[in-house]
Amino acid sequence: MISINIKYENHARKILANNIKYFRIKHNWSQEDFAEELGTTTTYVSNLENAKRNMRVDYIGHIADTFGIGVEDLFVDRPKVTLHRIPRR
């Protein structure tokens, strides 16, 4: 048997946070632009992108709708987005 030692605590939240940042940058939106599209504040967007907030499943759907993507796209484990740019594949 193969043993994999992965800690899943907050793992989904970190993937979601990275993808929110990924799609925001892909849309060429600032945090302010994205907050306006969502109908929320830049502080809330920042907290989402830094995995500091949990969110309801319905709100994840609202985020996906705002980006024009499927909910599943927000849970793809992509390379970490840093320095406000999308890594090349």
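Tutor: First, a term: two residues are in contact when they have heavy atoms within 4.5 Å. The model is predicted, so local features need pLDDT of at least 70 and side-chain atom pairs count only at pLDDT 80 or more, while totals for chains, interfaces and linings use all residues. Residues are numbered from 1 along each chain as its sequence is written, and side-chain values use heavy atoms, with hydrogens and water left out.

Student: Among contacts in the chain between residues at least 6 apart in sequence, what percentage join residues at least 24 apart?

Tutor: Start with contacts between residues at least 6 apart in sequence. Of these, the share joining residues at least 24 apart is 61%.

Student: How many helices and strands are there in the chain?

Tutor: Helices (H or I, at least four residues) and strands (E, at least two) are DSSP runs, numbered from the N terminus. The elements run α-α-α-α. That makes four helices and zero strands.

Student: How far apart are the end C-alpha atoms of helix α1?

Tutor: The expected span is 1.5 Å times one less than the number of residues. Helix α1 has 16 residues (11–26), so it should span 22 Å. The model agrees, with its end C-alpha atoms apart by 22 Å.

Student: Which residue forms a salt bridge with Arg24?

Tutor: A salt bridge puts a side-chain nitrogen of Lys or Arg within 4 Å of a carboxyl oxygen of Asp or Glu. The whole structure has one, with its closest N and O atoms 2.5 Å apart. It links Arg24 in α1 to a residue in α3, 25 residues apart. Arg24's partner is Glu49.
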